[in-house]
Amino acid sequence: MKITEHLQAAKDKTLFSFEILPPLKGQNINSIYESIDPLMEFNPPFIDVTYHREEYVYSEKENGLLEKKIVRKRPGTVGICAAIQSKYGVDAVPHILCGGFSKEDTENFLIDLDFLGIKNVMALRGDAVKSETYFKPEKNGNCFAKDLVDQIYDLNAGKYLDEVIEKGHNTDFCVGVAGYPEKHMEAPSIDKDIQRLKEKIEAGAEYVVTQMFFENDRYFDFVEKCRESGIDVPIIPGLKPIATKKQLSVIPHRFHVDMPDCLIREVEKCKDNAAVRQVGIEWCIQQSKELIAGGVPVLHYYSMGKSTNIQKIATAIF
Ligand SMILES: Cc1cc2nc3c(=O)[nH]c(=O)nc-3n(C[C@H](O)[C@H](O)[C@H](O)COP(=O)(O)OP(=O)(O)OC[C@H]3O[C@@H](n4cnc5c(N)ncnc54)[C@H](O)[C@@H]3O)c2cc1C
């Protein structure tokens, strides 16, 4: 089923869903099953699987010159999605990026997804590769998520890149896009960022999943601004329970989100990461309760491959 159909079927009930990462290259899929199994009792209608583009790694050769190697540390997004759909009968939502994909690669990727019976995709631009400051699209690739959404809806209309294909098979993807309650780091203002988000919706995207946030007011204000600007699709909040002290610096740096002082103080008081995990769980339960009271369609948790804390939160909430 499409995400939009799941949301309609749920009526006003808040659904539970989560995001997983493919395992590091060299591991097997059992680690994925081990993180999904404990969460199945909460009936997720869909599970997101992130996409990880290539990275450039530089190693020094004997002559002192640097050798550039291209590595993909977490391949397997499509395989994991197919495995989830067949093992659990749950809709898998692969993330698909502009970065690292030519339009041809994108089309072929989408054809694979269609043949596998995958109905939903999350369309994203992706970040710059680690060795570069700014995002660079692939030669003949999509520059922004909106362009990727356009390409997906072209395929839904049976329009392929190869103009020789006249009446191509119409795919039927439901497309989600990313939204940023605290603004995307490159956007000059929140209003401009919301205008860009609106362009993705006008291109056909049917729902939004937000970046993580730690104060619900950020989400509620964002939703209000989106509604004022005419965005009327479901806006699904993304939640991440804090699990380590280090995340106090890593999360703001990597995701460009703020943390409230009282959460920071509680984490700083902790003697070890077991205590931090407990603080993170309690904070996230509180956030989840308020969001449900605010009528959100889904609570979407960033599991980062570790389900124990998500399981505890879901037990308290669902
Ligand atoms: C829910 C969620 C899931 C994610 N999953 C992944 C994943 O699986 N893999 C991964 O690598 N990354 C993932 N990301 C991170 C994402 O790829 C980055 O945040 C990326 O920097 C932006 O992606 P986007 O799709 O929001 O880009 P866009 O919507 O294209 O926006 C990027 C920036 O460009 C601006 N912009 C948009 N259109 C234009 C235009 N026409 N002209 C000028 N500026 C414009 C926007 O305001 C914004 O600042 C995820 C993020 C979220 C919130």
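Where does Glu104 lie? Glu104 sits in helix α4, which covers residues 103–115.

## About the model

This is a predicted model, in which local features need pLDDT of at least 70 and side-chain atom pairs count only at pLDDT 80 or more, while totals for chains, interfaces and linings use all residues. Residues are numbered from 1 along each chain as its sequence is written, and side-chain values use heavy atoms, with hydrogens and water left out.

Helices (H or I, at least four residues) and strands (E, at least two) are DSSP runs, numbered from the N terminus.

Glu104 counts as partly exposed because its relative accessibility is 42%; buried means under 20% relative accessible area, exposed over 50%, and partly exposed in between (1.4 Å probe, protein chains only).

## Buried strands

Let's look at strand β2 (residues 46–49). Phe46 and Asp48 point one way, Ile47 and Val49 point the other way, and all are buried. In a regular strand the side chains alternate between the two faces of the sheet. Strand β1 (residues 15–20) pairs with β2 in the parallel sense over 3 bridges; two strands pair if DSSP finds at least two bridges between them. Here, Ile20 stands opposite Val49.

Strand β7 (residues 174–179) is largely enclosed by the rest of the structure, because 6 of its 6 residues are buried. On one side are Cys174, Gly176 and Ala178, and on the other Val175, Val177 and Gly179. Strand β6 (residues 120–124) runs parallel to β7, joined by 4 bridges, and Met122 stands opposite Gly176.

## Salt bridges

A salt bridge is a side-chain nitrogen of Lys or Arg within 4 Å of a carboxyl oxygen of Asp or Glu. By this rule the model has 13 salt bridges. One of them joins Glu186 and Arg125, whose closest N and O atoms are 2.8 Å apart. That pair links distant parts of the chain, 61 residues apart: Glu186 is in the loop between β7 and α6 (190–202), and Arg125 in the loop between β6 and α5 (145–156).

Glu182 also forms a salt bridge, with Arg218, at 3.1 Å between the closest N and O atoms. Glu182 counts as buried because its relative accessibility is 16%, while Arg218, at 27%, counts as partly exposed. Together with Glu215 and Asp258, Glu182 and Arg218 are linked in a network of salt bridges.
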